Amino acid sequence: MNYFDFDFERFKLKDFRVDKKSMFDELSVLNEFYQQSCNLQADQLYKQAINRINRIEYGSGGYLVRRGYYCPSIFITFTIGGANRGKILKRVSKRSKISYEFCYDDQGLALIKAYDEPVKEFDVNPIPDIEFIERQGDVEVGVTFRGNRIVYIYICQFDAEKLVNCRFLSVENEYQKEWLFYRNNHLDSIELIQHHFGFENMFSKFAPMKYEATFICDEEGCPKEYFHNEDEDKWLYEVSKINQQYYRKMYLEKTNEKGIVNLRIHEE
């Protein structure tokens with residue numbers, strides 16, 4: 001789905017840099033994209049997208065992370081307690097509590113509806129946040145609207161289908177960059193940088209916070225344990241079952257003849 005008149009190549013990063021100039025260069029490109037995208041109307045984008053949607057998945061839970069089950073941030077969902085990504089519902093009934101609708105077109109995930117409170121399938125749905133997702137080459141961009149106001153931007157950069165980095169911008173107060181490092185094609189470690197800024201000035205005082213985690217993978221390359229690098233004792237924590245399922249589903253399963261990852265629905 002093509003929503004945005006912007007060259008996503010400009011979002012690509014060659015390496016992981018945390019100095020002030022590099023961070024502000026990244027924010028400058030994001031700010032340009034944000035200012036340009038402010039001219040878009042969510043209702044018009046929705047009309048453009050809805051006729052091409054051919055499949056919908058329903059998610060439950062995952063309120064504390066963006067996109068719920070499909071939150072691209074490995075660091076946030078794998079290593080921070082309480083940041084549960086929720087689950088995909090195998091079936092939907094009158095009793096189902098729906099927090100996300102994941103809408104697909106022929107190219108993949110194209111639109112996400114996110115509800116603040118769970119809704120039932122046959123209730124009158126409240127007005128959700130709507131994220132429009134577009135991929136150009138190795139860069140995927142998601143823009144979340146609340147009404148006709150942009151509130152969040154997600155950028156994911158891939159090497160083929162392997163996630164290299166993901167960046168999250170809350171247009172009011174936060175920029176977050178997560179970089180994934182691999183060893184023998186297995187996830188080895190992640191570094192996360194968070195920069196908080198003023199409400200109307202993303203170039204205000206520069207005081208980023210840095211976090212690191214190292215992962216231990218099984219033979220298939222799925223992360224099973226991790227430790228925080230700043231922890232002197234290097235205490236090992238288990239990666240939850242739902243996060244292992246997610247990682248296998250998104251990054252380890254074989255692709256089909258069209259090169260699209262075969263999606264299978266999992267549920268704890």
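Cysteine 71 counts as buried, at 2% relative accessibility, where buried means under 20% relative accessible area, exposed over 50% and partly exposed in between (1.4 Å probe, protein chains only). Cysteine 103 is likewise buried, with a relative accessible area of 2%. This is a predicted model, in which local features need pLDDT of at least 70 and side-chain atom pairs count only at pLDDT 80 or more, while totals for chains, interfaces and linings use all residues. Residues are numbered from 1 along each chain as its sequence is written, and side-chain values use heavy atoms, with hydrogens and water left out.

**Cysteines**

- A search of the whole structure finds 0 disulfides, a disulfide being a pair of cysteine sulfur atoms within 2.5 Å.
- For cysteine 71, the closest cysteine sulfur belongs to cysteine 166 and lies 7.3 Å away, which is too far for a bond.

**Overall architecture**

- The chain contains 4 helices and 13 strands; helices (H or I, at least four residues) and strands (E, at least two) are DSSP runs, numbered from the N terminus.
- The chain has 268 residues, of which 51% count as buried.
- Among the contacts in the chain with a separation of 6 or more, 51% come from residues 24 or more positions apart; contact means heavy atoms within 4.5 Å.
- The chain exposes about 14200 Å², and carbon and sulfur atoms supply 46% of that area. Accessible areas come from the Shrake-Rupley method with a 1.4 Å probe, and for residues only the protein chains shown count as cover.

**Salt bridges**

- The structure holds 17 salt bridges, each defined as a side-chain nitrogen of Lys or Arg within 4 Å of a carboxyl oxygen of Asp or Glu.
- Arginine 10 and glutamate 32 meet through their side chains in a salt bridge of 2.8 Å, N to O. Arginine 10 lies in the segment before α1 (20-37) and glutamate 32 in helix α1, so this pair ties together parts that are 22 residues apart in sequence. Arginine 10 counts as partly exposed at 39% relative accessibility, and glutamate 32 counts as partly exposed at 37%.
- The side chains of glutamate 161 and arginine 135 form a salt bridge of 3.6 Å, N to O. Because glutamate 161 lies in the loop between β7 (149-159) and β8 (162-170) and arginine 135 in strand β5 (residues 129-136), the pair ties together parts that are 26 residues apart in sequence. Glutamate 161 is partly exposed, with a relative accessible area of 37%, and arginine 135 is partly exposed at 32% relative accessibility.
- In the salt bridge between glutamate 191 and lysine 210, the closest N and O atoms are 3.2 Å apart. Glutamate 191 belongs to strand β10 (residues 186-196) and lysine 210 to strand β11 (residues 209-217), so the pair ties together parts that are 19 residues apart in sequence. Glutamate 191 counts as buried at 14% relative accessibility, whereas lysine 210 counts as partly exposed at 45%.
- A network of salt bridges links Arg55, Glu57 and Lys249.

**Aromatic rings**

- The chain's rings of Phe, Tyr and Trp (its six-membered ring) pair if their centres lie within 6.5 Å; planes under 30 degrees apart count as stacked, over 60 as edge-to-face and the rest as tilted. By this rule the count comes to 23 aromatic pairs.
- Phenylalanine 75 and tyrosine 211 have ring centres 6.4 Å apart and planes at 45 degrees, so the pair is tilted. Phenylalanine 75 lies in helix α3 (residues 74-79) and tyrosine 211 in strand β11, so the pair ties together parts that are 136 residues apart in sequence. Phenylalanine 75 counts as buried at 3% relative accessibility, whereas tyrosine 211 is partly exposed, with a relative accessible area of 27%.
- Ring pairs also link a cluster whose members include Tyr69, Tyr70, Phe78, Tyr100, Phe102 and Phe215.

**Charges over rings**

- Arginine 55, one of the residues in the salt-bridge network, lies over the face of tyrosine 104, at 4.0 Å from the ring centre. A charge sits over a ring if NZ of Lys or CZ of Arg is within 6 Å of the ring centre and within 35 degrees of the ring normal.
- Arginine 135, the salt-bridge partner of glutamate 161, lies over the face of phenylalanine 158, at 4.3 Å from the ring centre.

**Serine 189**

- Serine 189 is found in strand β10 and counts as buried at 13% relative accessibility.
- Leaving aside neighbours within four places in sequence, serine 189 is in contact with Trp179, Leu180, Phe181, Ala213, Thr214 and Phe215.
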